[in-house]
Amino acid sequence: MAENDDTNPPPTDGEPQGPVSALSPDAHVLPEPGTPARVTIPDTLPVLPVRGTVMFPGTVTPLGVGRPASRKLLDESLPKSKIIALVTQRDENEEDPGPDSVYTVGTAVMVLKLIRQPDETVSLIVHGLGRIRFKKFIQTKPYLRAEVERITEQPGEGKSFGAAVAQVREQARQLIEMTPNAPDQAVTVLMNIEDPGNLSDFLTANLNLSLQQKQDLLEEPDVAKRVRAVLQHVSNQLEIVRLQQKIQQDVQSSIGDTQKKYVLREQLKAIQKELGESDDGSSQTIAQLRKKLEEAKPPEKVLAEALRELVRLESIPAASPEYAMILTYLEIVADLPWNKSSSEKIDLTKARRILDRDHFDLAKVKRRLIEYLAVRKLNPQGRGPILCLVGPPGVGKTSLGQSVADAMGRKFSRMSFGGIRDEAEIRGHRRTYIGAMPGRIIQELRRCGTNNPVLMLDEVDKLGSDFRGDPASALLEVLDPRQNNAFVDRYLDVPFDLSQVIFIATANYMGTVPAALRDRMEVIDIPGYTDNEKLQIARRYLVPRQLKENGLTPALCKWTPLALRRIVEDYTREAGVRELERQIGSVCRGVAADVAERNGRAGRKAIAVDPPLVRKLLGPERFEREVDEHNLVPGVVIGLAYTPVGGEILFIEATSFPGRGNVTLTGQIGDVMKESVSAAMSLFKTRASRYRIDHRRLAARDLHIHVPAGAVPKDGPSAGVAMYTAIASLLLGIPLRPRTAMTGEITLRGRVLPIGGVKEKTLAAMRAGIRTIILPSRNERDLEEVDPEVKRRCKFVFAETVDDVLEHALGKTALERAKHKSPRWGDEGEPVSAMTERDEPPR
């Protein structure tokens with residue numbers, strides 16, 4: 001029901017029940033042909049503004065009246081005349097319309113019936129009489145009154161006009177028949193209307209048109225133009241209804257008994273299918289993506305590429321696999337921190353405090369990190385070096401990176417590269433197949449949410465390579481400060497600036513790192529900890545952490561210094577402190593079990609952790625600190641080796657027996673060590689005459705060299721000295737001096753060549769109880785890097801030739817005697833005339 005400004009909102013074009021109706025809510029209004037022409041319209045009429053509807057001549061329409069001014073108009077005018085003027089408001093929200101607030105053309109109507117409601121509103125039934133134009137408003141209060149003139153219509157003529165009338169009548173009939181809920185008598189009334197003007201008004205009043213369209217048709221006096229306009233509207237409505245019926249049929253055929261609750265959803269899909277669209281909620285998703293892309297503020301080229309993909313996404317059905325690929329791509333691009341950075345405030349005093357808080361000693365490493373931070377503070381945009389922390393496991397390489405991030409106020413992320421063989425892990429996968437993802441660098445930046453985090457590249461020495469590419473080569477671009485400002489991930493296919501990221505790499509052993517990658521980084525060595533340093537680390541960090549993790553407190557579990565020393569010396573032998581922490585944790589768990597059992601019986605009395613309790617909880621000692629007992633037999637020598645997990649001592653055993661001069665090697669010795677044995681054997685044969693050894697006798701004996709722990713592969717370029725000494729000790733019958741170890745490579749001329757890993761090897765020797773270490777003379781400069789405690793507890797001897805090595809390893813006096821007395825070998829391979837007198841061992 002059309003209303004003027006009633007307290008209830010006026011009815012507008014209603015929502016459809018099922019398919020959208022082609023007729024307006026007033027489709028039940030029927031005209032009374034011929035009536036408007038027989039009534040005389042006065043020259044002045046009270047004007048009733050209405051909203052939400054346009055009244056046409058010849059139609060009967062109900063109205064609701066609620067405004068006080070409108071009710072007063074009815075009360076004063078209807079007793080005198082039943083004819084009033086209806087005009088549509090320009091603004092429906094205006095409560096007190098004036099002359100300028102209404103259209104200049106309206107309709108004169110006759111009030112057929114008036115009903116007063118209990119809520120003081122009035123319901124009218126009015127009949128349109130004819131078009132009128134307002135010449136002049138002669139009254140505005142309490143209601144409008146105006147001088148009016150009747151608009152004379154211009155009838156249409158000609159065959160084309162008649163054809164248009166016939167066509168509009170036929171299409172209107174089809175429209176009524178195809179429209180649900182249309183009145184049964186609507187077709188009959190339509191066919192009985194002979195006047196073209198009345199026909200156009202009837203159809204206009206009942207078509208689902210906008211308010212402005214109806215007003216335009218009301219103001220049109222030319223019947224021919226009006227008929228043609230109505231024909232256009234009817235044709236459009238008829239096409240819409242036909243399309244709706246087709247959609248309805250398609251939907252009904254695809255819906256089964258179990259899918260009825262999805263009827264409305266299926267209808268929506270069918271409509272979008274006809275329009276060439278596929279939504280499934282994607283419109284909202286696309287809008288959110290567009291907003292996120294704009295908020296991310298990527299570079300212009302990146303944004304252009306992303307918007308191009310977004311346009312493609314809008315035209316792809318949601319069920320297509322490509323839809324999911326593009327959607328994932330755009331989400332990643334929108335989530336990347338193109339312009340999000342952590343605020344950096346470098347306080348060197350605070351940085352020192354954080355490094356000292358988290359790590360014990362490591363003075364050289366801390367000094368280098370402080371220098372690095374100082375340069376970053378003075379030149380924030382500078383291209384600093386890529387640091388690579390190299391050392392055995394458990395020395396705190398990863399935690400140093402976390403401390404650097406804390407000191408700079410940046411976010412920290414760690415990526416482990418151990419075992420990576422696919423180049424796509426660094427550069428990303430191309431978006432040519434489902435499941436493609438960006439490389440780990442881009443993924444970590446997305447997780448961090450900033451473009452300047454501290455990224456820890458862990459275990460770069462364990463990168464592999466195969467048919468899928470070389471990840472180490474892919475890292476070259478990432479770690480090059482002059483190239484990574486435009487790093488292109490294959491998945492993104494757009495450049496991303498990595499120049500603000502601080503990369504810190506870690507490795508256990510630089511020997512396996514490609515030279516080109518090593519050239520990109522500044523190496524900082526962390527050799528390992530001495531026993532005293534381990535005691536301090538255990539007391540300050542490990543014990544409090546394990547007490548907390550096992551639900552203990554210092555009041556319940558008191559560690560004595562002797563207990564910690566016992567664990568360090570008898571239960572661990574490592575460069576780092578991981579095994580030490582595990583053993584401390586085992587003791588804490590045993591104490592926690594004891595405390596939990598006593599709780600409630602004897603109270604919580606403190607338990608003192610002393611050496612007897614450590615042995616009770618951990619069992620017998622696992623390592624022997626002294627190696628003297630192994631050095632009493634000729635042919636046994638202690639060498640020093642460098643491994644990715646730190647330095648190690650290496651026992652080399654040699655024995656001989658009657659044979660044909662063959663040499664047997666066991667203990668999984670690598671090719672390099674085999675060549676060292678061959679060189680050592682050839683060198684000793686050339687010098688055998690010095691020790692009165694007959695070559696014929698030497699050729700009649702086989703030699704067997706064995707390196708214990710045969711299940712562990714061994715290889716390296718620094719075993720020549722130890723191999724030569726073992727052969728000489730065996731064949732001369734002189735045992736190695738106690739607590740002596742050696743390392744170095746030899747030439748066939750007897751010179752001792754320098755080696756690497758001096759810091760790690762000397763630490764391992766000290767941990768094993770070695771007191772004399774023989775090194776190549778050209779390694780004397782490396783003593784500056786050796787731990788002060790090692791230099792204090794061990795004696796360093798530097799050898800230029802193998803003769804110097806034998807003099808310090810076997811004893812000068814014993815060698816002089818061997819030169820004057822030829823050894824005799826028994827069947828067991830032991831020299832019968834073994835030299836038993838030796839120089840006193842160093843103390």
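**Briefing: strands, cysteines and backbone exceptions**

P142 is found in the loop between β6 (122-139) and β7, where helices (H or I, at least four residues) and strands (E, at least two) are DSSP runs numbered from the N terminus. A cis peptide bond joins K141 to P142, with omega at about 0 degrees. This is a predicted model, in which local features need pLDDT of at least 70 and side-chain atom pairs count only at pLDDT 80 or more, while totals for chains, interfaces and linings use all residues. Residues are numbered from 1 along each chain as its sequence is written, and side-chain values use heavy atoms, with hydrogens and water left out.

**The chain overall**

- The protein chain contains 28 helices and 25 strands.
- Of its 843 residues, 49% count as buried; buried means under 20% relative accessible area, exposed means over 50%, and partly exposed is in between (1.4 Å probe, protein chains only).
- Among contacts (heavy atoms within 4.5 Å) with a separation of 6 or more, 74% are between residues 24 or more positions apart.
- The accessible surface of the protein chain is about 40,300 Å², and carbon and sulfur atoms hold 50% of that. Areas come from the Shrake-Rupley method with a 1.4 Å probe, and for residues only the protein chains shown count as cover.

**The five-stranded sheet**

- Five strands form an open sheet in the order β9-β10-β13-β8-β14, with parallel pairing; two strands pair if DSSP finds at least two bridges between them.
- The edge strands are β9 (412-416) and β14 (521-525), each pairing on one side only.
- From one strand to the next, the twist averages 25 degrees. The axes are lines fitted to C-alpha atoms, for helices over the stretch in contact, and angles run from 0 to 180 degrees between N-to-C directions.
- Strand β8 (residues 386-390) pairs with β14 in the parallel sense over five bridges, and C388 stands opposite V523 in β14.

**Strand β2 and its partners**

- Strand β2 (residues 44-50) is largely enclosed by the rest of the structure, because six of its seven residues are buried.
- With strand β7 (residues 144-150), β2 pairs in the antiparallel sense over four bridges; the bridge partner of L45 in β7 is A146.
- With strand β4 (residues 83-88), β2 pairs in the parallel sense, again over four bridges; here L48 has L86 of β4 as its bridge partner.
- Strands of a sheet pair through backbone hydrogen bonds, either parallel or antiparallel.

**Cysteines**

- The count of disulfides is zero, a disulfide being a pair of cysteine sulfur atoms within 2.5 Å.
- The closest cysteine sulfur to that of C557 is in C588, at 5.0 Å, which is too far for a bond.
- C557 counts as buried because its relative accessibility is 2%.
- C448 is also buried, at 8% relative accessibility.

**Positive phi values**

- Most residues other than glycine have a negative phi, and most peptide bonds are trans.
- D493 is not a glycine, yet has a positive phi of about 60 degrees. D493 lies in the loop between β11 (487-488) and β12 (495-496) and is exposed, with a relative accessible area of 54%.
- Q668, a residue other than glycine, has a positive phi near 55 degrees. The place of Q668 is the loop between β19 (663-666) and α22 (671-686), and at 42% relative accessibility Q668 counts as partly exposed.
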